[in-house]
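Welcome! Please take a moment to look over the sequence and the 3D view, and then read through the short briefing that follows.

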Amino acid sequence: MDVAAKPDSKVGVVIVAAGRGERAGLGDGPKQYRIVGGKTVIRRSIEAFAAHPAIGPIVAVIHSDDHALYAQAAGTLAGRVRVVEGGATRQDSVRLGLQALREAAPAKVLIHDAARPFVESALVDRTVAAIGERQAALPALAVSDTLKRGGNDGTVSETISRNGLYAAQTPQGFPFWPIYAAHMKAHHAGKTDFTDDAAIAEWTGIPVRLVEGSPDNIKLTWARDIEMADQRLSGAHFPDVRTGNGYDVHSFEAGDHVWLCGVKIPHGKKLSGHSDADVGLHALTDALLATCGAGDIGTHFPPSDPQWKGARSRIFAEHAASLVRAAGGRIANADITLICEAPRIGPHREAMTAAISEMLSIGPGRVSVKATTNERLGFIGREEGIAAIATATVIYPGEVSA
Ligand code: CTP
Ligand code: MG
């Protein structure tokens, strides 16, 4: 059969869906009929091909028990897809699907697992483009994990180099008649242990070209895979991002320096307070505590407690950060605004950013220190004190339920 004689012919597709999905758990029925993101898995797989302009005849291979499930899942696409019953193994199901395509005799065929609903059209394009007259195309991903062989005693017997190793995906692409002949040959030879169709091509000497697979093109195998796919598609993924704010004010008294955001700045007065009166760090501490419902600075460091007399306020900010971390939080951003007529903050801003970055163990790019005057208005304008507001953004594990 000269496939080059029909260069513009459409590509045939066999979608195998006759498995029972035992590993995904049988309770909710075969996995290909489960709903992910509001649609059945098999419907997604069929749509990926039916919507592609290069695709011609499509055969779905289903289990004899599943006709009603299939009809419901295929819905309006039923007329676009030919349905045949599969066999006891995936290999049998593929062979029966290929037999159903003989009449249409497409030059090229793609063989796809219904359980891979995330196949993208670019992957279909790459695979189809690599099919030759005597060449198969296999989308695959280079193995990234280190591979071990386990011994009978449960210990590792060997580390296997992953160099040159690939994990095979579907759709796998073939010139139609050669793969059909290869499947029939395997069937008649009683060879039933092929786990994919590329292996049958290899066995009959059809070279298989590797094409870049897609990390999204996963096979839904376990119940967890289906749950995760459903969450991803349902948009039910609301990361637990929380924002806390804090405000503080301290008045001036006689002195020669102020502590602001962890930096000691010479000044004609000092801020009055039990601790070092670092108004910026106090606001920040409250903002951090607010993200995990941990009260405020006074809950943890009561001014009535003599041990905090003259304390460095970085202790408070560090403690708040440690509570956030203990709750599983990661601090994404800390933003502080100092409101004062003097001292000038600009020359110290970098040192403040560095100090806070160190206290919270986050990169300096996640810290922002800003300052503004109060336009000479009110108590701040009269230089009776300094105020600070702070905002902290923290990402906690898990999700916010919808
Ligand atoms: N398949 C098939 N006929 C079979 C066995 C499998 O058509 N006799 C199909 C499955 O429906 C699936 C694809 O081959 O779309 C890949 O197989 P797999 O992920 O192993 O699915 P199941 O065999 O259904 O799952 P399990 O092995 O967990 O029972
Ligand atoms: Mg199986």
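Arg43 and Glu47 sit four residues apart in helix H1 (residues 41–50), so about one helical turn separates them. Keep in mind as you read that this is a predicted model.

**Salt bridges**

- Arg43 and Glu47 form a salt bridge, and their closest N and O atoms are 2.9 Å apart.
- Why can such a pair form? Side chains that carry opposite charges can pair when their charged atoms come close.
- How many salt bridges does a search of the whole structure find? The search finds 19.

**Around ligand 1**

- There are 19 residues around ligand 1, and those that come nearest are Ala18, Gly21, Glu22, Ser93 and Lys219.
- For Ala17, a backbone N or O atom is 3.4 Å from an oxygen atom of ligand 1.
- For Ala114, the distance from a backbone N or O atom to an oxygen atom of ligand 1 is 3.3 Å.
- How much of ligand 1 does the protein bury? Ligand 1 exposes 550 Å² when taken alone, and the protein buries 87% of that.
- If you look for the largest pocket, you will find that it is the space taken by ligand 1.
- Which elements give two or more residues to the shell around ligand 1? They are strand S1 (11–17) and helix H3 (90–100).

**Backbone features in loops**

- Thr170 and Pro171 are joined by a cis peptide bond, with omega at about 10°.
- You can find Pro171 in the loop between strand S10 (166–168) and strand S11 (172–175).
- A cis peptide bond also runs from Ala342 to Pro343, where omega is near 0°.
- Pro343 belongs to the loop between strand S17 (330–339) and helix H11 (349–360).
- Glu375 is a residue other than glycine with a positive phi, near 55°.
- To locate Glu375, look in the loop between strand S18 (367–372) and helix H12 (378–381).

Key: Residues numbered from 1 in each chain as written. Chains lettered and ligands numbered in written order. Predicted model: local features only at pLDDT ≥ 70, side-chain atom pairs only at ≥ 80, totals over all residues. Heavy atoms only, no water. Near = heavy atom within 4 Å. Polar contact = N/O pair within 3.5 Å; in protein donor to acceptor, adjacent residues only side chain to side chain. Areas by Shrake-Rupley, 256 points an atom, 1.4 Å probe, with all protein chains shown as cover. 1 Å grid on protein atoms, 1.4 Å probe; cavity = no way out; pocket = protein on both sides within 12 Å on 5 of 7 lines; lining within 4 Å. Sits in = over half its atoms within 2 Å of the grid points. Salt bridge = Lys/Arg side-chain N within 4 Å of Asp/Glu carboxyl O.
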